[in-house]
Amino acid sequence: MNEILNLVLSLVAGFLFGAIFFGGLWWTVQRGLSSGRPAFWFFGSLFIRIIIVIAGFYFVSNGHWERLLTCLFGFFVMRHIVVRLTRLSEEDPNQLTKEASNAT
């Protein structure tokens, strides 16, 4: 039971790391394109995001490969979610309500 809880927590941590990494990437692109020094934004953000994610994976896994794989799975699931959300917000803000009405 305790190991299942650890795997669920590592999955949630993977979601969090994915949201930080890919949400931070989206935010950086938005800020970097309108900035006078885009290289500063892109390299600084990349450095910070990589440090957060690698340190997070290290602490979550705690030497257990199962936790690391679960965390990575959550990370990549969140990648798909962030890509979908940011793509929808750029195309049409009302797209979510249109898709929801088509689903019913």
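**Reading charges, rings and helix packing**

Modeller: Let us begin with a charge placed over a ring: R37 lies over the face of F40, 4.9 Å from the ring centre. Please bear in mind that this is a predicted model.

Biologist: Which residue lies over the face of F21, and at what distance from the ring centre?

Modeller: That residue is R49, at 4.6 Å from the ring centre of F21. R49 is found in helix α2. In sequence R49 and F21 are 28 residues apart, while their C-alpha atoms are 5.5 Å apart in space.

Biologist: Is R49 buried or exposed?

Modeller: The cut-off for buried is under 20% relative accessible area. R49 has a relative accessible area of 7%, and therefore counts as buried. Leaving aside residues up to four places away in sequence, R49 touches I20, F21, G24 and L25.

Biologist: How many helices and strands does the protein have?

Modeller: The protein has four helices and zero strands, and from the N terminus on its elements run α-α-α-α. Of its 104 residues, 26% count as buried. Among contacts between residues at least 6 apart in sequence, 65% join residues at least 24 apart.

Biologist: At what angle do helix α1 and helix α2 pack?

Modeller: Helix α1, residues 2–33, and helix α2, residues 38–61, pack at an angle of about 175 degrees, and their axes are 9 Å apart. Angles over 145 degrees count as roughly antiparallel, and α1 and α2 are therefore roughly antiparallel to each other. The residues that make this contact include F17, F21 and W27 of α1, and W41, R49 and F57 of α2. By class, the contact of α1 with α2 has 15 nonpolar, six polar and two charged residues.

Biologist: How is a pair of aromatic rings described?

Modeller: Such a pair is described by the distance of the centres and the angle of the planes. The structure holds nine aromatic pairs. One of them is formed by W27 and W41, with 5.5 Å centre to centre and 75 degrees between the planes, and this pair is edge-to-face. The pair links distant parts of the chain, with W27 in helix α1 and W41 in helix α2, 14 residues apart.

Biologist: How accessible are W27 and W41?

Modeller: W27 has 45% relative accessibility and so counts as partly exposed. W41, at 21% relative accessibility, also counts as partly exposed.

Biologist: What is the geometry of the aromatic pair of Y58 and F59?

Modeller: Y58 and F59 form an edge-to-face pair, 5.4 Å centre to centre, with 75 degrees between the planes. Both of these residues are exposed.

Biologist: Which residues do ring pairs link into a cluster?

Modeller: The cluster consists of F17, F21, F22, F57, F75 and F76, linked by ring pairs. Among them, F21 is the ring whose face has R49 over it.

Biologist: Where is T70 found, and which residues does T70 touch?

Modeller: T70 is found in helix α3, residues 65–91. Not counting residues up to four places away in sequence, T70 touches L7, S10 and L11. S10 is also one of the α1 residues in the contact with α2. The relative accessible area of T70 is 19%, and T70 is therefore buried.

Key
Residues are numbered from 1 along each chain as its sequence is written. This is a predicted model: local features need pLDDT of at least 70, side-chain atom pairs count only at pLDDT 80 or more; totals for chains, interfaces and linings use all residues. Side-chain values use heavy atoms; hydrogens and water are left out. Axes are lines fitted to C-alpha atoms, for helices over the stretch in contact, and angles run from 0 to 180 degrees between N-to-C directions. Helices (H or I, at least four residues) and strands (E, at least two) are DSSP runs, numbered from the N terminus. Angles under 35 degrees count as roughly parallel, over 145 as roughly antiparallel, 65 to 115 as roughly perpendicular and the rest as oblique. Contact means heavy atoms within 4.5 Å. Ala, Val, Leu, Ile, Met, Phe, Trp, Tyr, Cys and Pro count as nonpolar, Asp, Glu, Lys and Arg as charged, and the others, Gly among them, as polar. Rings of Phe, Tyr and Trp (its six-membered ring) pair if their centres lie within 6.5 Å; planes under 30 degrees apart count as stacked, over 60 as edge-to-face and the rest as tilted. Buried means under 20% relative accessible area, exposed over 50%, partly exposed in between (1.4 Å probe, protein chains only). A charge sits over a ring if NZ of Lys or CZ of Arg is within 6 Å of the ring centre and within 35 degrees of the ring normal.
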